[in-house]
Amino acid sequence: NTPVTVTANFVPTVSVTVTTAPAGQSFTADGATYTSSQVFNWGIGTSHTIATIATQAGATGTQYVFNNWSDNKTLSHSVVVPPSATTYTANFTTQYQLTLAGSNGTVTPASGSYFNAGSVQNVTATGNTGYAFSSWTGPVASTSSAATTVTMSAPESVTANFVPVSLITVNTSPAGLAFAVDGISYS
């Protein structure tokens, strides 16, 4: 029997925190999935893969869109553990859904679109033939203007209201006499 010598080599470790902003978004570290901040004791100089998903669903009408990692790397990338404690944060932009409705007319932008939290979005209503815009229902800047704005402070829902347009003919007897409608002269 020949004696065998075994040498154990130990790599010093350091704390590495992986997290998201806002908190609670999904990410992976070395293939394992997490939804809360994690602290790992990784060996200095070792390589590990961190990744996240580009668009993640939140509560109804809310989504989170990947912006960047705090080390300015891609969605999925390898990190080499530095000699001191560090944190890697996946930063996301919060977006809210804008739901638009209105019968007997068209509304823009397309209903169900997502917009960055805090942004101000233009909304426009146009009546179909035989209908005219009347008012908005919901959190718009001006309920009486067909073109107005919505501030995306949460998922928002607005409705354009349209009314039928009646054609009215004004005549004089005998024909050809001058008259005024809403301050405009006609003959």
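## Strands and overall dimensions of the chain

Of the contacts in the chain with a separation of 6 or more, 54% join residues 24 or more positions apart, where contact means heavy atoms within 4.5 Å. The model is predicted, so that local features need pLDDT of at least 70 and side-chain atom pairs count only at pLDDT 80 or more, while totals for chains, interfaces and linings use all residues. Residues are numbered from 1 along each chain as its sequence is written, and side-chain values use heavy atoms, with hydrogens and water left out.

The chain holds 17 strands and 0 helices; both are DSSP runs numbered from the N terminus, with at least two residues (E) for a strand and at least four (H or I) for a helix.

Strand E12 (residues 120-127) runs antiparallel to E10 and is joined to E10 by 4 bridges; Thr124 in E12 is the bridge partner of Thr108.

As for overall dimensions, the C-alpha trace spans about 130 × 30 × 20 Å along its principal axes. The chain has a radius of gyration of 31 Å, whereas a compact globule of 187 residues would have one near 16 Å; the radius is taken over C-alpha atoms, and the globule rule is 2.2 Å times the number of residues to the power 0.38.

Key. Two strands pair if DSSP finds at least two bridges between them.
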